[in-house]
Amino acid sequence: MLKINNLHVSVDDGQKPILTGLSLDVPKGEVHAIMGPNGAGKSTLSYVLTGRDGYEVIDGTVTLDGEDLLDMEPEERAAAGVFLSFQYPLEIPGVPTMTFLKTALNAQRKARGEEEMKAPEFLKKSRALAAELKMKPEMLKRPLNVGFSGGEKKRMEIFQMMMLEPNFIVMDETDSGLDVDALRIVADGVNKLRSPDRGMLIITHYQRLLDYIVPDRVHVLAKGGIAASGDADFAKRLEKEGYDAYAA
Amino acid sequence: MRCRNPIMDYRDKPGNEGVWGNAMTLSNQLPTRRNEAWKWTDVSRSVAEGIRGISVAAPVQIFVPEGVTVTRVEANNAANDSSLYALATEHAGQTYAIDVPAGFLSEHPVQIEGLTHGHAQISLSLGKGARLQLVEHYDGQAGAFVNSHLNVKLAEYAVLDRVIVQTDTETTVRVATTYVTAWANSELMQHTLAFGGQLSRLETRLAGMGKAVKATINGAYLLDGKRHCDMTSYIDLACPDGLIRQSVKGVTADKSRGVFQGKFHVRRPAQHTDAEMRHDAIMLSDTSEIRSKPELEIYADDVACAHGNTIGALDESALFYMRQRGIPLAQARALLTEAFLASVFDTLEDEVMRESLLDKLRGWLA
């Protein structure tokens, strides 16, 4: 599904190399975890996949179901089904959450040539989901993420993810800022989205999240590429032994 | 030779270039950038000899609800010696005097139209406890000069809800000056939506002459092309317990230019004044320009006065976040810009009017 081949990425106008030949293959239906020390380029990977400015691809390819992702604008990637759950979700003052999400959902549908979702259907779906994620209904009326706690913001990311039903999900440090109860709710939501048609890449510094969302494969990102890979138990070993063996 | 009266504080008078004889040419009669109050809005340079409207009266139309009267009276310009006022006095003909009786209340507004070209002098007087909505539409003709003076008197406890919509062409030159005299416990709520013109100056001057005067003076300007919009205000408080809230927000695209000049003048007796001035602007292009001059001049010692001024760009991180969710760049920009500007109309009580202003704003952003 997602194929990354020999990816080289630099920041600071190409002056500072971050990824130096990263290759990774996430087949349909699988959940892969990316772990690694701070500063290894985990967040860089999430931003390159979603097309943020300031990350210069020097070499390599990234395709989703055979389509060249790197050639697309961020909104085109979103319409192709790429969703990033942000490590630090942005506050958007003045834009009510529901307006934001409905605009996003229908922009994606329009880009894919699908019919827009009508207001009653949207409302019904969002209310049911909010209840499932144990979110207060008034959160949906407030401007997006404004005045939300760290945990509420992360929950809002999962809420958006479940509303948008993307094909490929990238989660960047989703567990940070969550207490155990919130972590369970978030993980339940993510697990519900696991399907044979969907791929996921879970970026995390700690193994904790992977107790709840058990990955098919675990990779260590260090020194600009994948330094080691293993199964779910590998994550537990990493937690115990640390990343020293892979660090520069 | 230009002469100024040395004892006059010329900064506090719009277009004041002193008093001249009749022999002066037109360009000498108009404010220039050499005048501090007009340094960013040089009317003289934008108005050519023979420009449409320079020596005629504006075809003013005033619609009033039942109970409000409009009469024509002789102008009384003794209190004002600005050059633009002198021009208006010379060419506008008789003043339109709108009289709103004490205790007046209506769900229908007074509407002023027809300020398309030429000069106009209008006075509006609200009697004690009267409440009125005033809607002014500035819809100037292409290549025309419009110079209007509105004199407002608010008697005690009168409330004026004023809405100004400027939809001039990109070749209209407009100066609209308003003087408000507010007596005790009266209130002005003013909301302006402006799209600029070749040159435009929308100026509000309020004199708080009684206790506990309240004023909300909000506005939004949205400029593109080579449009220019100047929002200037001067709030002069002479009595205690005034409450002033001002928020002006703007966006500038292309090669446009936004100007904000705001001044609070709190005189010694105006104790317990509570006044806040904000100007916040977003530049959508790096070839546009924003000039801002907030001023506080305070002589009373027990007051709460503040001003804030920010100029920036749309938040790139927020834009990326919205695009990651599938919202195309142009739409993301429009949503963020609307969210930024719309708050100046939160204080507009008339919801239908507020929606209508927001629709115009969205139309510009689309």
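Figure 1. The structure is a predicted model, in which local features need pLDDT of at least 70 and side-chain atom pairs count only at pLDDT 80 or more, whereas totals for chains, interfaces and linings use all residues. Residues are numbered from 1 along each chain as its sequence is written, chains are lettered from A and ligands numbered from 1 in the order in which they are written, and side-chain values use heavy atoms, with hydrogens and water left out. A pocket is an open set of points on a 1 Å grid over the protein atoms alone, with protein on both sides within 12 Å along at least five of seven lines, and its lining residues have an atom within 4 Å of a point. The lining comprises 14 residues, and those nearest the centre of the pocket are Ala253(B), Leu284(B), Leu314(B), Arg333(B) and Thr337(B). Helix 4, helix 5 and helix 6 (351–365) of chain B are the elements that give two or more residues to this lining. Helix 5 of chain B provides the largest share, four residues. By class, the lining has 10 nonpolar, one polar and three charged residues.

**Figure 2. The largest cavity holds about 110 Å³ of space.** A cavity is a set of grid points where a 1.4 Å probe fits but cannot get out; its volume is the space filled by probe spheres set on the points, which are joined across faces, edges and corners. The structure holds three cavities of 30 Å³ or more. In the largest cavity, 14 residues form the lining, with Gln190(B), Thr192(B), Thr204(B), Ile217(B) and Met231(B) nearest the centre. At least two lining residues come from each of strand 10 (187–194), strand 11 (199–208), strand 12 (214–223), strand 13 (228–237) and strand 14 (243–252) of chain B. The lining has six nonpolar, eight polar and no charged residues.

**Figure 3. The second largest cavity holds about 60 Å³ of space.** Residues that line this cavity include Ile112(B), Leu115(B), Glu136(B), Tyr138(B), His149(B) and Arg162(B). Strand 6 (131–138), strand 7 (145–154) and strand 9 (173–182) of chain B each supply at least two lining residues; strand 7 of chain B gives the largest share, three residues. Five nonpolar, four polar and two charged residues make up the lining.

**Figure 4. Chain B meets chain A through 17 residues of chain B in contact (heavy atoms within 4.5 Å) with 28 residues of chain A.** The area buried between the two chains (accessible area, 1.4 Å probe, lost on being put together and summed over both) is about 1,900 Å², of which carbon and sulfur atoms give 66%. Phe320(B), Tyr321(B) and Arg325(B) supply 40% of the area that chain B buries against chain A, more than any other three residues.

**Figure 5. Three salt bridges (a side-chain nitrogen of Lys or Arg within 4 Å of a carboxyl oxygen of Asp or Glu) are counted between chain B and chain A.** Arg325(B) forms a salt bridge with Glu157(A), with 2.6 Å between the closest N and O atoms. Helix 4 (316–324) and helix 5 (329–342) of chain B are the elements that give two or more residues to the side of chain B that touches chain A. Helix 4 of chain B gives the most to that side, with seven residues. The residues on this side of chain B divide into 10 nonpolar, four polar and three charged.

Terms used:
Ala, Val, Leu, Ile, Met, Phe, Trp, Tyr, Cys and Pro count as nonpolar, Asp, Glu, Lys and Arg as charged, and the others, Gly among them, as polar.
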